[in-house]
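Welcome! Let's take a short walk through a protein model, one piece at a time. Keep the picture open as you read.

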Amino acid sequence: MTAETVSTLIQSIARRLDAVGIEDAGIDARLLLRSAFGWTAAQQLGQLLDPPPAIYLDDLESMVLRRETREPLQYITGSTEFYRRNFTVNESVLIPRPETEQLVVQTLAFVRERGIENPRIADICTGSGAIAVSLALELSAAEVHATDISSAALGVAQQNADDLNAELDIYEGNLLDPLSGAFDVIVSNPPYILASVMPSLQAEVTREPSLALDGGNDGLDVIRPLFEGILARLKPTNSAAYIEIDPPIEDAVLVLALATFPRAGISLLSDLAGLTRCVSIEHA
Ligand SMILES: C[S@@+](CC[C@H](N)C(=O)[O-])C[C@H]1O[C@@H](n2cnc3c(N)ncnc32)[C@H](O)[C@@H]1O
């Protein structure tokens, strides 16, 4: 990899990424270069017309080669931002999405509006721990528990909790099975993608663990037992559960929620794009 300046180097990487169908090739080129060189955005801007530092060019080339195979940018750089903090990610975990921040926002609003002083909170299917860590840091008086069936994912969650100084109780196991006692709030972003859609996912998404995505034939394979677990562990009053879903399963989830939680207020919440993103289950 050779180039006269940082700017021409970015342009040549962008052309390579564009050629393999990457949408925001220019942005990815800049982010890969920053990550390989250990630069901030401001450092990159200030050195656009300088020659690139030769010692990092081999590292950058191997990162570009990985991205050309449509490996997600975040797996290559090793991190992503969620709720204003940086989280480590690798191929063992789903890359946390901006729309999932809504589960954090809903939980914070509920706990504060209801004046719950020391909430017991559970994040089921925690993956990288992004939701659980964010809640533990935003609610210092909360007791936050997180579960996942993947031990590799939980290794990443523990690392994120340690790096960000969040106090979490982390358990390996099926849904709520490892937990005891009753909870004020239960949140979860479970696998919910229809099995029929799995083969047509974007190239980058196919590199994420199918255990994190595949919701079975009707998308509810994990959500059905999750609702049973929530029914058993959610406090009967002054409590809430927020579960991420998507539009193809919203009708089925609504029917299931109304049947499982007859005493709760049930609603479907939309994300900023206006698409159904969460089922809200709240007890007065
Ligand atoms: C969609 S990812 C969500 C990860 C993270 N909470 C987030 O929002 O970025 C779903 C997670 O559920 C986990 N999982 C799948 N089946 C499970 C089960 N039966 N019990 C517990 N965790 C499960 C997967 O390992 C994966 O980490």
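## Just after a helix

Start at asparagine 165, which follows helix H8 and has a positive phi, near 60 degrees. Keep in mind as you explore that this is a predicted model.

Now step back to the helix itself. H8 covers residues 151-163, 13 residues in total. From its first C-alpha to its last, H8 reaches 18 Å, close to the 18 Å expected at 1.5 Å a residue.

Which residues of H8 are buried? They are Ala153, Leu154, Val156, Ala157, Asn160 and Ala161. If you look down the axis of H8, these buried residues fall within an arc of 155 degrees, so they line one face of the helix. Ser151 and Asp162, on the other side of H8, are exposed.

What covers the buried residues of H8? The cover includes strand E2 (85-88), helix H7 (130-138), strand E4 (143-148) and strand E5.

## The sheet

Strands E4 and E5 also belong to an open sheet of seven strands. At the edges you will find strand E5 (169-172) and strand E8 (265-270), each of which pairs on one side only. On average, neighbouring strands in this sheet are turned by 15 degrees against each other, direction ignored.

## A closer look at one pair

Within the sheet, pick out strand E6 (residues 185-188) and strand E7 (residues 239-244). These two pair in the parallel sense, over four bridges.

Note on methods
Residues numbered from 1 in each chain as written. Predicted model: local features only at pLDDT ≥ 70, side-chain atom pairs only at ≥ 80, totals over all residues. Pairing = 2+ DSSP bridges. Axes fitted to C-alpha atoms, helices over the stretch in contact; angles between N-to-C directions. Expected span 1.5 Å × (residues − 1). Buried ≥ 20, exposed ≤ 12 C-beta atoms within 10 Å, placed from the backbone. Arc of directions from axis to C-beta. Contact = placed C-beta atoms within 7 Å.
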